[in-house]
Amino acid sequence: MAKLKDIAEALGISVVTVSNALSGKKGVSDALRQEVLDKAQELGYNVSRYDTKKTGTYSIGVIASEEYLGVGTSFYWYMYQQVAYAAAKKKCFTVFEILNKQIEEPEKLPDVLTKGEVDGLLVIGWVNHRYIRRILDAVDIPVVLLDFYDPSFCCDAVMSNNYLGMYKATRYLLERGHREIAFLGSVDANDNIRDRFFGYRKALEEWKIPLCEEWILEDRDVGTLKMQVQLPERMPTAFACSSDFAAKYLYEELGSRGYRIPEDISIVGYDNYLYGHPFAEEITTYNVDIRKMAKTAVSTLLKKIEDEDRYQGVRYLDSEIVERSSVKRLI
């Protein structure tokens, strides 16, 4: 699959000049533009996507790992729905592909890239570093990451502000008198949870509360991603959970032990997304504005499609605490 840099190297010109020639921008002579087009066709480069720039209608490829998808119920499935909606509002359409281990391990490119004619790619949720590198090296279309970021790549991304969000959630507990607060979340699972853990730590340090290793709890088996919660021997008065999904498992485990929420134990979550569970009506949580994240990601990608050299960096979107009934005030 030829890329812009292949055309540029063959002609001894810059990638920017090639892009300008194919997209019809000013500053390129008719002779050079034709030379670029001829070389592109010779190398098998797909120039058809540049025709869409005249109408502003684009095809957006979207990929996500099957590990994070449960049709109809998962956080990332809902995020994709919001991406599709945001794209449709811009008169664009999406082509969605779920990645499985059989695709990722041998590093086969997604069908949406090899068979589809897409103008840009959105990657939702965590995909392993090596596979993202494979995609970036192989394709010549803009790529935007949604709800994760890998600092190894100069790649635009849209993120929830994990650090600040969990800081706010933990501070919410502290302001209501809680001083014995556990963190529920497997810190080594991904950078989102790690950032939330550091937000939790910052809030404790501001209140001069030492970190208690006993109260840093796993919420899953990092290898299999199977959710699992084990309560500590010495119970805190409150738990700051890295996700509402983890909070659900905690809620059920506490209930099986006879604890009442919030009379005995208080809980705050993260996401404001707990599909089809009764605790969703009770949990106080940090809201992740999925609609705004999806809209921002689509907008970022469309700007890159229009201007391939445009780098917009990482956008961290803040939100607010949604207050319900899962926290008991101690003061």
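Predicted model: local features only at pLDDT ≥ 70, side-chain atom pairs only at ≥ 80, totals over all residues.

Reader: How many helices and strands does the protein have?

Author: There are 11 helices and 12 strands, read as DSSP runs numbered from the N terminus (helices: H or I, at least four residues; strands: E, at least two). Along the principal axes, the C-alpha atoms fill a box of roughly 75 × 35 × 35 Å.

Reader: Which residues have the most contacts inside the largest nonpolar core?

Author: In soluble globular proteins, nonpolar side chains tend to be buried together. A nonpolar core is a set of buried Ala, Val, Leu, Ile, Met, Phe, Trp, Tyr and Cys residues joined through side-chain atoms within 4.5 Å; buried means under 20% relative accessible area, exposed over 50%, and partly exposed in between, with a 1.4 Å probe and protein chains only. Here the largest core has 73 residues, and those with the most contacts inside it are Ile60, Leu113, Leu121, Leu122, Val123 and Ile124. A second, separate core of 22 residues includes Val229 and Phe239.

Reader: What about disulfides?

Author: A disulfide is a pair of cysteine sulfur atoms within 2.5 Å, and the whole structure has zero of them. For Cys92, the nearest cysteine sulfur belongs to Cys155, 19 Å away. Cys92 counts as buried because its relative accessibility is 7%.

Reader: Which residues lie nearest the centre of the largest pocket?

Author: Rolling a probe the size of a water molecule over the atoms shows where empty space is left. On a 1 Å grid over the protein atoms alone, a cavity is a set of points where a 1.4 Å probe fits but cannot get out, while a pocket is an open set with protein on both sides within 12 Å along at least five of seven lines; lining residues have an atom within 4 Å of a point. Of the 28 residues lining the largest pocket, Tyr68, Phe75, Tyr76, Ser243 and Phe245 lie nearest its centre. Helices H4 (75-89), H9 (191-206) and H10 (244-256) each supply at least two lining residues.

Reader: How many cavities are there of 30 Å³ or more?

Author: The search finds one. Its lining includes Ser160, Asn287 and Met293.

How values were computed:
Residues numbered from 1 in each chain as written. Heavy atoms only, no water. Points joined across faces, edges and corners; volume = space filled by probe spheres on them.
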